[in-house]
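Please open the model in your viewer and keep the selection tool at hand. The stops below say what to select next and what is to be found there.

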Amino acid sequence: MRAFGVQRSPRTILFGAGQRAALAHLVRPHGQRAMICTDSRFGADPLLSGMAASLRDAGLTVGVYDGTLAELPMSCIDEAAQAARDIRPDVIVAVGGGSCIDLGKLVAVRLTYDGPLSDLYGEFRVPDGVLPVIAVPTTSGTGSEVTPVAVLDDPGLGVKIGISSPNLIPHAAVCDPELTLSCPPGLTANTGADAMTHAIEAFTTLRRDPTPDLGVANVFVGSNVISHMQAATAIRCLAGHLERAVRDGSDPVAREQVMLGALLAGQAFGTAGTAAAHAIQYPVGACTHTPHGLGVALLLPYVMEFNRPDCVGIFADIARLFGLPDAPDDLLSRQAIDAVDGLFGRIGIPKSLAALGVREADLGTIAEQSLTARRLVKNNPRPLDLDGVRRIIAAAFEGNRDLLRS
Ligand SMILES: NC(=O)c1ccc[n+]([C@@H]2O[C@H](COP(=O)([O-])OP(=O)(O)OC[C@H]3O[C@@H](n4cnc5c(N)ncnc54)[C@H](O)[C@@H]3O)[C@@H](O)[C@H]2O)c1
Ligand SMILES: [Fe+2]
């Protein structure tokens with residue numbers, strides 16, 4: 001197949017320790033009034049007041065909304081949009097984990113679009129003219145600072161839902177690893193494992209026939225030459241440094257490399273898309289109320305085991321990116337799954353859906369709801385039907401990858 005690539009990105013990405021000091025330069029050209037979207041933890045953090053002060057020093061009027069709730073319930077978006085009507089911002093500055101950045105994106109939409117958000121679920125439905133968003137991540141995980149995605153919890157649906165549109169990509173991202181120094185080990189593990197799952201799912205998604213409409217009629221186009229490089233580097237950064245960052249959160253090199261990995265993984269899956277581990281996590285998260293990163297990471301080794309027969313060469317490449325010694329592809333492809341499973345085990349990701357609180361009686365519903373995330377399911381490198389999802393979920397429930405090896 002001929003080479004094909006897509007890159008969609010913020011106009012500016014600043015990466016590096018201390019880069020938050022450049023925030024005002026990026027915000028100032030957009031107008032006089034800025035709204036910071038964050039959560040109560042950062043609302044009380046001197047790092048946030050320092051950033052707000054730098055904006056005020058640059059002559060901006062700054063309003064702060066610090067009510068973001070993790071996993072982003074619709075009620076929180078409504079409340080923030082109401083606050084935004086009083087603040088009347090020209091630009092949104094989203095500071096926090098994926099929940100705060102996704103909130104910032106959706107507040108920016110709400111300020112220029114009057115209809116219900118539910119009309120925007122799916123792909124390419126966000127109208128042009130969204131207010132500019134400057135994203136400042138404080139976790140190394142979701143990649144939301146560069147992705148065309150916002151994920152929210154709509155109580156009417158019972159599962160989380162994504163809005164995907166290039167119009168949601170932040171105008172700029174400021175990725176300062178010092179902002180992640182305060183992440184406790186569990187959060188570092190869950191968010192870093194989410195990033196690794198983005199990287200591996202983007203690296204292994206189906207490569208599609210490069211028709212002229214592939215890059216313009218689809219938000220997610222499958223693996224491509226640009227996402228491939230980004231995902232490969234992300235896997236290498238995270239394989240080499242995630243465990244180190246979990247063990248010693250004050251290690252500046254580990255924090256830097258994990259944040260770089262999360263950023264590149266976000267760029268990779270922002271065009272390539274993710275696949276089965278993300279599709280299955282949505283209903284698992286809804287029935288267990290567990291964090292997104294924890295669920296996708298738990299599922300990934302099972303999804304890889306299911307996919308392996310169709311992915312021997314690419315999984316062997318993953319093993320090489322993990323630094324494993326060379327061996328025949330078939331062996332390396334198995335070792336890649338063991339390496340991912342081993343890393344996740346060492347950083348405390350549970351091994352089974354049962355350990356996450358899933359009950360056997362929930363498995364049927366989880367399987368059916370997983371298939372409703374069509375864009376993720378169709379991206380899976382091995383064709384995925386109800387029977388396949390059921391097998392993955394049954395093995396993950398038992399915590400036994402052998403069940404997928406027959
Ligand atoms: N938009 C996307 O592309 C995308 C991709 C994947 C996931 N998501 C969504 O992102 C959300 C998850 O985001 P997340 O994993 O970054 O977590 P989060 O934003 O939900 O935050 C989790 C907790 O971590 C705390 N926290 C954040 N930064 C911290 C720091 N530096 N020090 C100490 N505590 C800190 C927060 O206060 C919060 O209590 C979910 O809603 C998920 O569905 C979005
Ligand atoms: Fe994710």
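A salt bridge here is a side-chain nitrogen of Lys or Arg within 4 Å of a carboxyl oxygen of Asp or Glu. This is a predicted model, in which local features need pLDDT of at least 70 and side-chain atom pairs count only at pLDDT 80 or more, whereas totals for chains, interfaces and linings use all residues. Residues are numbered from 1 along each chain as its sequence is written, chains are lettered from A and ligands numbered from 1 in the order in which they are written, and side-chain values use heavy atoms, with hydrogens and water left out.

**Stop 1: charged pairs**

Select D330 and R308, whose side chains form a salt bridge with the closest N and O atoms 3.3 Å apart. With a relative accessible area of 36%, D330 is partly exposed, whereas R308, at 10%, is buried; buried means under 20% relative accessible area, exposed over 50%, and partly exposed in between, for a 1.4 Å probe and protein chains only.

R401 forms a salt bridge with E305, the closest N and O atoms being 2.8 Å apart, and the pair links the segment after α16 (386-398) to helix α11 across 96 residues. Both R401 and E305 are buried. R405 also meets E305 in a salt bridge, at 3.2 Å from N to O; because R405 lies in the segment after α16 and E305 in helix α11, this pair ties together parts that are 100 residues apart in sequence. E305 has a relative accessibility of 5%, while R405, at 42%, is partly exposed.

In total, the structure holds 20 salt bridges.

**Stop 2: the iron ion**

Which residues are the protein donors of the iron ion (ligand 2)? Select D194 (OD), H198 (NE2), H278 (NE2) and H292 (NE2), which lie 2.1 to 2.2 Å from the iron ion; donors are N, O and S atoms within 2.8 Å of the metal (3.2 Å for Na, K and Ca), and since water is not among the atoms, sites may look incomplete. The donor residues are spaced D-x3-H-x79-H-x13-H in sequence. D194 lies in helix α6 (residues 185-204) and H278 in helix α10 (residues 276-288), so the pair ties together parts that are 84 residues apart in sequence. D194 is buried, with a relative accessible area of 2%, and H278 is likewise buried, at 5%.

**Stop 3: strands around β4**

Select strand β4 (residues 91-96), where 6 of the 6 residues are buried, so β4 is largely enclosed by the rest of the structure. V91, V93 and V95 point one way from β4, and I92, A94 and G96 point the other way.

Strand β2 (residues 33-37) runs parallel to β4 and is joined to it by 4 bridges, with two strands counted as paired if DSSP finds at least two bridges between them. Within this pairing, I36 has V93 as its bridge partner, and C37 has A94. β4 also pairs with strand β6 (residues 133-137) in the parallel sense, over 5 bridges, and here A94 stands opposite A135. Strand β2 is mostly covered, with 4 of its 5 residues buried, and 5 bridges join β2 to the parallel strand β3 (residues 61-65), where M35 has G63 as its bridge partner.

**Stop 4: the nonpolar cores**

Finally, select I235, I280, I318, F344, I347 and L353, the residues with the most contacts inside the largest nonpolar core, which has 78 residues. A nonpolar core is a set of buried Ala, Val, Leu, Ile, Met, Phe, Trp, Tyr and Cys residues joined through side-chain atoms within 4.5 Å. The largest share of this core, 9 residues, comes from helix α11 (residues 292-307). A second, separate core of 31 residues includes M74, I92, A108 and V130.

Technical notes: Helix = DSSP H or I, 4+ residues; strand = E, 2+ residues; numbered from the N terminus.
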